[in-house]
Every structure is written in structure tokens, then in C-alpha cells.
Amino acid sequence: MGDLMEMNPPEQDQRYAVYSVRNTAEDGLIYTRSFIVIKNGYGVIVRFTRLQEYAGVYVNGTYRPLTSNPEAKLYFICGMLNYCLVDHGARFGIRHVFSITREMLAEYFDHYAMEQLPDGPHHSRQSVERCISTVTAFMAKLSSKYGGFMKVRKADLYTERTVVSRKGKMVKRPIPAFQTTGIEDHDGTFRDIPTKAVEILLPMAFRYAKDIAFGLCLQAFAGLRAGEVCNVRQETSPLGPGIRFVEVDGNVREVSIDLRRELALRSDGAEVGEIKKERVQRVYPAFREAFCRAYELHKEYLRGVEFEKEYAPMFVNSRGKAMSYESYRKKFKSLVNDHLRPALLASEDPELRIYGQLLCENSLGTHCLRHWFTVQLVLRGEDIGSIQSFRGDRNPETAFLYLQNKGDLNRELKESNEKLVQLLMEIGGEADV
């Protein structure tokens with residue numbers, strides 16, 4: 001698992017890397033298997049390891065979902081292994097993972113936190129915390145398995161602290177016994193968007209970007225990530241309805257989107273996007289009416305396009321196949337640059353003109369609508385659990401950060417649903433958007 005050479009010719013220069021294999025089950029379910037391997041300088045795999053088994057995915061359970069995969073964690077682990085065993089193994093005087101000490105881990109965490117990325121910024125605070133948590137858990141699991149051979153023990157890696165649980169109770173939990181210092185940069189992604197701009201953007205999308213307009217509504221009204229949007233299926237999909245409506249006395253009482261499984265949605269097997277957390281996602285009740293109107297507009301659009309009937313994706317590219325995340329992102333960028341920004345700069349509203357100027361200096365990403373959605377939840381008084389549920393987050397950390405910053409949001413809470421419904425009803429006429 002260790003024992004790597006130092007400065008060698010490419011065929012002998014070996015480094016840890018992540019190798020992933022994408023598979024499709026008989027029923028169309030997509031799942032990935034990832035491994036920690038050793039590659040030479042030419043990128044050729046020279047050895048498979050079993051280190052991924054200690055990444056901590058369902059290790060204590062008797063049941064493991066087919067789609068579970070620790071790929072994201074493995075990159076953190078490989079980074080640590082390469083730093084300690086390959087890049088600095090000679091200085092540390094070690095050649096095996098068993099010889100890694102707590103001090104070496106602390107040095108690596110400091111390096112990771114201060115490391116400048118190729119495009120300029122440093123790793124975010126959230127990324128640094130995930131790195132420390134993942135690597136610490138990895139070493140702890142190795143120690144539990146090979147305790148007598150390891151230089152580091154679980155007691156060296158964790159300290160017990162009192163924290164507040166999701167239910168608001170004070171409980172004691174083991175926390176990684178490391179603290180590092182990093183540099184917080186602007187991450188380059190501009191995500192803030194005022195409600196006034198959303199009320200312009202969504203109707204504008206149905207006029208100039210009909211193929212992705214409903215996707216923007218899925219993000220703004222149900223909090224979906226862009227990759228998850230591309231995984232949504234039509235109601236009539238042979239793979240199962242991707243969206244469901246509950247009606248009582250002719251009124252829609254609930255709308256839910258099926259994100260329980262990442263399925264193959266294209267005949268060429270190409271990936272369309274990632275479902276970060278598999279779930280059934282509800283549309284937020286305050287936006288239900290606007291969502292339903294947007295869906296009607298999208299169904300009208302779908303009647304005029306060709307798509308692969310055996311998959312019936314909700315979003316289709318020019319070749320009739322399910323749209324990929326990258327295409328969705330590019331179309332959103334064009335919508336902002338070609339239509340939204342010029343409209344804002346020409347607006348008589350000073351606030352919108354200023355925001356238009358900000359868009360000249362910052363690139364607005366698709367995440368802005370999920371961010372706007374979350375701000376609306378906070379300002380409507382939702383608690384941590386509700387925000388986590390409506391956002392489809394694995395843990396409550398993001399919700400907690402939004403609630404912490406509620407006083408700094410400086411947003412005017414507006415009853416956006418009624419205004420958005422009115423604007424969407426005008427699509428097809430000569431609405432001034």
C-alpha cells in the first residue's frame with residue numbers, strides 16, 4: 001500500500017490516484033465504483049489497492065445501497081498519501097501508510113489549506129474541513145484494523161467536544177483534533193440575485209431559452225442543483241414519472257420531483273448530470289402556483305420537439321437526447337449575457353442597473369437560483385431541518401450558515417409567487433420583460 005519510489009523515470013514514477021468505473025444495471029440504474037490505484041508517470045495503472053475500503057461508506061451497516069460510492073472522499077485521501085509518501089516520504093523517512101504520524105497529517109492539512117489552486121484562489125473553508133474530516137476518518141479506520149502496525153491511533157486523531165445536535169440538544173461527539181489556518185478567497189462564483197432580477201429572468205427564459213426555462217424554475221422553486229435538473233424525467237417516461245402532482249378537488253396540493261435514482265437517460269450512455277443526494281424533492285408550497293404555470297409552458301414546448309421516447313427526459317438538446325449539465329450551464333450563461341444583463345443595464349430601476357453592472361464584472365452561475373431559493377426559505381422563517389429538507393442537503397451545515405447570516409442578507413421579503421404567476425401568464429403575448 002505504500003513503498004513508492006522517489007525521483008524516477010516516468011515508467012517508475014508512481015503516484016496514488018482515483019480510478020472510477022461507471023456501470024449501468026439491467027433496469028437502467030447508473031452506479032459508479034471507485035478505487036484508489038497507483039499510476040506511473042504515463043498515467044497507466046500499475047497496481048490496485050484496497051485503501052478505498054477504509055473511506056468510511058456504510059462500513060457499520062448490514063446493507064449498502066448499490067449507488068453508494070466514496071469517490072469524492074478518495075481524492076482527499078490520495079492527496080494526503082501523495083504528500084506524505086511520495087512527495088515528502090524521503091524527508092519523513094517513511095515508505096508505508098502505516099508509518100504516517102499525527103504530525104505528518106497536521107503538516108499536510110496546513111499545506112492543503114494554504115495551497116493556491118491553478119486558477120488563482122485557495123481551497124475554501126468548507127473544502128478544508130471536508131479534507132480534514134475525511135482523512136482523519138480514513139486513518140482512524142486503518143488504525144482500528146491494523147492498530148499494532150500503525151504509528152497513529154484513534155485517540156491521537158480525535159478529541160471529544162460538546163456540540164448542539166439537530167434537535168437542539170447538547171451532546172458529546174468526537175471531533176478531529178486538528179486546527180489549520182487558511183486563506184479565504186472569493187470563490188469566483190457570483191451567486192447573489194435580487195428578487196427583482198428573478199422576476200425578469202424567469203419570464204425572459206421562456207421567451208429566449210425555452211429548452212432550459214423550466215429547469216430554472218426547478219432550481220428557483222424546488223432548490224434543485226443544475227446537474228439534478230438534467231436528471232428529471234417527464235411524467236410519461238417509461239422509466240417512471242419524474243414529476244408527480246397531488247390534486248384535491250381540482251387543486252394541486254403537492255408537487256414532487258423523483259430524484260431517487262440516477263438513471264441512464266440517453267441511448268449513447270452519456271452522463272447528463274449528478275444527483276448529489278438521492279431523494280424525492282418537494283416544490284416549496286409558496287411557489288407551487290408559479291411552478292405549475294411554468295410546467296404548463298414547458299409541456300407546450302415539448303409538444304414541438306423530438307426526443308428519445310424510451311427515456312422521455314424533461315430537458316432535450318438539439319439532437320433529441322437528454323440535455324447534459326454542460327449544455328444547460330452554457331445556455332444559462334448565454335441567457336444572462338445576451339438578454340438579462342442588457343435588460344438590467346437599460347432598466348429605469350437604479351437597483352437593477354447596479355446589479356447589471358455587477359454582472360459585467362462577475363459571472364453569474366446557475367447556482368444563483370438555488371441560493372435565491374434558500375434565502376427565500378430563511379426569510380419565510382423556515383428552521384434548519386426544513387431548509388435542509390427543501391434544499392436536499394446531506395447535513396444541516398449549509399442551512400445553519402444561512403440562518404447565521406440572516407441578519408446580513410439585506411433582502412426585502414416579497415410575496416413573489418403572485419407576481420411570478422402574473423408574469424408567466426403573460427408569456428406568449430407582448431409582455432415587457
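Cys131 is buried, with a relative accessible area of 1%. Here buried means under 20% relative accessible area, exposed means over 50%, and partly exposed lies in between, using a 1.4 Å probe and protein chains only. Cys360, by contrast, is partly exposed, at 46%. The structure holds 0 disulfides, a disulfide being a pair of cysteine sulfur atoms within 2.5 Å.

This is a predicted model, in which local features need pLDDT of at least 70 and side-chain atom pairs count only at pLDDT 80 or more, while totals for chains, interfaces and linings use all residues. Residues are numbered from 1 along each chain as its sequence is written, and side-chain values use heavy atoms, with hydrogens and water left out.

### The sheet

An open sheet of 3 strands has the order 1-2-3, and its pairing is antiparallel. Strands (E, at least two residues) and helices (H or I, at least four) are DSSP runs, numbered from the N terminus. Two strands pair if DSSP finds at least two bridges between them. Strand 1 (15-24) and strand 3 (45-48) stand at the edges with a single partner strand each, so one side of each has no neighbour in the sheet. From one strand to the next, the twist averages 45 degrees. Such angles run from 0 to 180 degrees between N-to-C directions, and axes are lines fitted to C-alpha atoms, for helices over the stretch in contact.

Strand 1 and strand 2 pair in the antiparallel sense over 10 bridges. In this pairing Arg15 stands opposite Lys39 in strand 2. The two strands form a hairpin with 5 residues between them, and Gly28 in the turn has a positive phi of about 95 degrees.

Strand 2 and strand 3 are also antiparallel, over 3 bridges. Lys39 stands opposite Ile45 in strand 3, and Ile38 stands opposite Arg47 in strand 3. The hairpin of strand 2 and strand 3 has 5 residues between the strands, and Gly43 takes a positive phi near 85 degrees there.

Strand 2 is largely enclosed by the rest of the structure, because 7 of its 10 residues are buried. Thr32 belongs to strand 2 (residues 30-39). It counts as buried at 19% relative accessibility. Leaving out residues up to four places away in sequence, Thr32 touches Ser20, Val21, Arg22, Ser68, Asn69 and Glu71. Contact means heavy atoms within 4.5 Å.

Helix 1 (residues 71-87) lies across strand 1 and strand 2, and runs at about 160 degrees to strand 1.

### The nonpolar cores

A nonpolar core is a set of buried Ala, Val, Leu, Ile, Met, Phe, Trp, Tyr and Cys residues joined through side-chain atoms within 4.5 Å. The largest one has 73 residues, and Phe214 and Leu364 have the most contacts inside it. Helix 7 (residues 210-222) gives the most to this core, with 9 residues. Apart from this core lies another, of 40 residues, among them Ile94, Ile100, Val128 and Ala140.

### Loops and positive phi

Most residues other than glycine have a negative phi. Asp249 is not a glycine, yet its phi is positive, about 55 degrees. Asp249 lies in the loop between strand 6 and strand 7 (251-259). Ala312, which is not a glycine either, has a positive phi of about 50 degrees. Ala312 lies in the loop between helix 9 (288-302) and helix 10 (325-345).

Gln234 is in the loop between helix 8 (226-229) and strand 6 (243-248). Leaving aside neighbours within four places in sequence, Gln234 is in contact with Gly240, Pro241, Gly242, Leu302, Phe307, Ala312, Pro313 and Met314.

| Residue | Relative accessibility and class |
|---|---|
| Asp249 | 74%, exposed |
| Ala312 | 2%, buried |
| Gln234 | 9%, buried |
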